[in-house]
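Open the model in a viewer and follow the stops below in order. Each stop says what to select and what is there.

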Amino acid sequence: MEPREVRTAVSIGALELANPVMAASGTFGYGQDYAPYVDLNRLGAICTKGLSLRPMPGNPPMRIAETASGMLNTIGLENVGVEGFVRDKLPFLRRYALKVVANIFGSTLEEYEAVAARLDGVEGVHAVELNISCPNVKRGGMVFGNDPRAAAEVTAVVRRATRLPVIVKLSPNVTDPREAARAVEGAGADAVSLVNTFVGMAIDLERRRPLLYNATGGLSGPAIKPLALRMVWQVSHAVSIPVIGIGGIMTGRDALEFLMVGALAVQVGTANFVNPTATMDVLDEMTAWLAERGIDDVKAIVGTLETPPG
Amino acid sequence: MNHEILYNRPLGAGNYLMGVRHPDLAARAKPGQFVMVKVAEEYDPLLRRPMAVYRVPEPGIAEVLYKVVGRGTAILAEKRAGARIDVLGPLGVGFTMTPPEGDALVVTGGVGIASVVFPAQGLPRDKVASFYGGRTKADLVEADVLAAASREIHYATDDGSRGHAGFVTEPFERYVAKMDPALRARSRVLCCGPEPMMARVAAIARHHGLGACELALERHMGCGVGACLGCIVPKVEGGYMTICTVGPVVEASRIRWEDL
């Protein structure tokens with residue numbers, strides 16, 4: 001069959017993406033680091049480094065450790081703060097066609113509300129993604145993510161503080177991610193994204209010490225893909241809002257698997273570290289796969305997983 | 001980003017010299033900059049390995065010098081000429097290459113040699129005084145190459161098998177102490193080695209009033225381009241800097257040493 005042009009546009013609520021490939025928060029800075037490698041006009045969206053009300057210095061070293069087919073991090077939410085982002089980072093991103101999803105977090109409901117309110121109506125910000133699932137900071141949001149009621153509460157507060165589409169990034173460090181997903185849907189979330197990192201640990205056997213400053217860190221990379229895929233599959237059957245799949249996506253085929261289990265878009269994270277052109281490679285491989293099969297719209301693959309009865 | 005390995009030969013004491021055909025890297029690399037090397041096409045090990053650009057021996061070819069210290073470098077050491085490898089770079093900020101009015105004092109230990117030969121070769125030979133330490137004589141790989149780029153060179157080994165028996169910082173400090181104070185202020189240190197060595201070199205430079213002390217720092221890196229925020233060093237004014245973009249070469253006085 002002749003390869004045809006593949007339509008790639010998807011809508012996450014009111015957030016219209018030219019294609020379903022997004023850069024995951026914390027793996028793409030504020031975009032500028034990757035401009036030498038990626039045509040940012042071709043990227044569906046960037047999820048910024050998590051933004052807080054005030055700048056944060058992050059954790060002391062060691063912040064990262066490599067593990068089998070993955071990595072642990074405990075960056076500690078280092079960021080320039082919401083004002084610094086609007087003043088110093090956003091003007092660069094405004095030059096490109098990509099959509100800007102501001103990933104935000106706080107240690108209190110009031111802080112989430114204040115950051116969301118600050119970004120409301122700011123030119124060049126197209127959505128907010130609530131980080132309620134950072135495992136590395138005591139008051140970095142996971143307290144909200146691990147309790148469906150608290151997750152709903154913070155979602156409702158942010159919902160009231162902004163007219164922007166609200167995406168809630170869910171924690172995988174729970175028995176069943178569907179509970180928080182349903183709760184935030186009920187509280188007005190426009191979409192959910194999952195998964196954030198899994199809490200993990202690595203040690204230095206000889207020194208009898210953890211490799212990371214914080215003892216534990218968030219596991220990412222291809223090692224977590226099967227876990228993430230299962231959770232995205234579960235959640236996409238539990239909610240009717242769009243689901244964004246994240247977790248160990250390295251290739252276009254990986255991305256297509258997430259779409260097949262029900263995600264409408266994907267975020268590429270750790271792969272950016274390994275290969276700075278990863279987002280573009282994922283997009284190109286994805287569209288080539290679809291074109292080769294005569295599928296002319298990426299949406300046609302979403303949720304098409306065939307599962308045996310029973 | 002896929003490049004032909006031209007040679008990958010052992011230098012002794014676990015060190016290897018790899019030459020890669022990489023015209024863009026060879027044309028653009030500045031002394032002290034680094035590359036991120038993907039040692040395996042598979043997902044394990046996942047992350048690239050940061051390595052200094054050792055030299056550009058001729059147009060189109062760039063070299064890295066590395067020591068086998070773990071699984072990644074062990075995989076790299078198995079690569080044969082003719083194989084291909086993914087080398088991303090040049091990255092980061094290298095050494096100041098305007099010749100100092102005074103001396104260029106090159107201080108290095110062990111595989112730190114990988115970062116200092118390229119800048120030494122780029123400075124006037126009559127300005128360069130080098131200090132090279134290792135555990136034994138066998139660890140002083142490429143000593144002749146550094147010597148050829150230096151007006152004088154002083155060695156130190158733990159076992160006394162070559163040069164001074166003890167730390168390389170000892171002959172370095174004796175040398176600096178004998179320098180004319182006005183010459184010290186116009187001189188610059190270029191240093192790469194184990195962290196305790198660099199800390200000592202920085203303290204000597206500060207104590208004796210050397211004009212500048214540039215250190216090529218080493219850290220585990222996730223991305224090499226400033227995004228992962230993994231390779232941080234504490235800044236003197238508070239907070240952290242990523243050495244993949246601010247460095248790897250950093251002036252010693254910018255580091256908050258007590259928190260390193």
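A salt bridge here is a side-chain nitrogen of Lys or Arg within 4 Å of a carboxyl oxygen of Asp or Glu. The model on display is predicted.

**Stop 1: a salt bridge in chain A**

Select A:Arg178 and A:Asp176. They form a salt bridge, and their closest N and O atoms are 3.0 Å apart. A:Arg178 is partly exposed, at 25% relative accessibility. A:Asp176 is also partly exposed, with a relative accessible area of 22%. Over all chains, the count of salt bridges by this rule comes to 28.

**Stop 2: two salt bridges in chain B**

Select B:Glu101 and B:Arg186, whose side chains meet in a salt bridge of 3.8 Å, N to O. B:Glu101 sits in the loop between strand E7 (84-91) and strand E8 (104-109) of chain B, and B:Arg186 in the loop between helix H6 (181-185) and strand E12 (188-192) of chain B, so this pair ties together parts 85 residues apart in sequence. Is B:Glu101 buried or exposed? At 65% relative accessibility, B:Glu101 counts as exposed. B:Arg186 is partly exposed, with a relative accessible area of 39%.

Now select B:Arg200 and B:Glu173. Their salt bridge has its closest N and O atoms 2.7 Å apart. B:Arg200 belongs to helix H7 (residues 195-207) of chain B and B:Glu173 to helix H5 (residues 169-178) of chain B, so the pair ties together parts that are 27 residues apart in sequence. B:Arg200 is partly exposed, with a relative accessible area of 38%, and B:Glu173 is partly exposed at 24% relative accessibility.

For a network, select A:Arg7, A:Asp296, A:Asp297 and A:Lys299, which are joined by salt bridges that share partners.

**Stop 3: where the chains meet**

Show both chains. In this interface, 24 residues of chain B are in contact with 35 residues of chain A. The area buried between chain B and chain A is about 2,300 Å², and carbon and sulfur atoms give 67% of that area. How many salt bridges does the rule find across the interface of chain B and chain A? The rule finds one. Select A:Glu66 and B:Arg49 to see their side chains meet in a salt bridge (2.7 Å, N to O). On the side of chain B that touches chain A, the residues divide into 15 nonpolar, five polar and four charged.

**Stop 4: the nonpolar cores**

Select A:Phe85, A:Leu119, B:Leu105, B:Phe172 and B:Val189. These residues have the most contacts inside the largest nonpolar core, which has 143 residues. Helix H9 (residues 278-292) of chain A gives the most to this core, with eight residues. Then centre on B:Leu105: leaving aside neighbours within four places in sequence, its contacts include B:Phe131, B:Phe172, B:Met179, B:Val189 and B:Leu210. A second, separate core has 28 residues, among them B:Ala114, B:Leu123, B:Val141 and B:Leu190.

**Stop 5: a buried arginine**

Finish at B:Arg256, in the segment after strand E16 (249-251) of chain B. B:Arg256 is buried, with a relative accessible area of 13%. What does the side chain of B:Arg256 meet in a polar contact of 2.6 Å? The partner is the side chain of B:Asp259. A polar atom of the B:Arg256 side chain also lies 2.7 Å from the backbone oxygen of B:Lys235. Not counting residues up to four places away in sequence, B:Arg256 touches B:Pro234, B:Lys235, B:Val236, B:Gly238, B:Gly239 and B:Tyr240.

Note on methods: Residues are numbered from 1 along each chain as its sequence is written. Chains are lettered from A and ligands numbered from 1 in the order in which they are written. This is a predicted model: local features need pLDDT of at least 70, side-chain atom pairs count only at pLDDT 80 or more; totals for chains, interfaces and linings use all residues. Side-chain values use heavy atoms; hydrogens and water are left out. Contact means heavy atoms within 4.5 Å. Buried area is the accessible area (1.4 Å probe) that two parts lose on being put together, summed over both. Ala, Val, Leu, Ile, Met, Phe, Trp, Tyr, Cys and Pro count as nonpolar, Asp, Glu, Lys and Arg as charged, and the others, Gly among them, as polar. A nonpolar core is a set of buried Ala, Val, Leu, Ile, Met, Phe, Trp, Tyr and Cys residues joined through side-chain atoms within 4.5 Å. Buried means under 20% relative accessible area, exposed over 50%, partly exposed in between (1.4 Å probe, protein chains only). Helices (H or I, at least four residues) and strands (E, at least two) are DSSP runs, numbered from the N terminus. A polar contact is a pair of N or O atoms within 3.5 Å; within protein, one must be able to donate a hydrogen and the other to accept it, and residues adjacent in sequence count only if both atoms are side-chain atoms.
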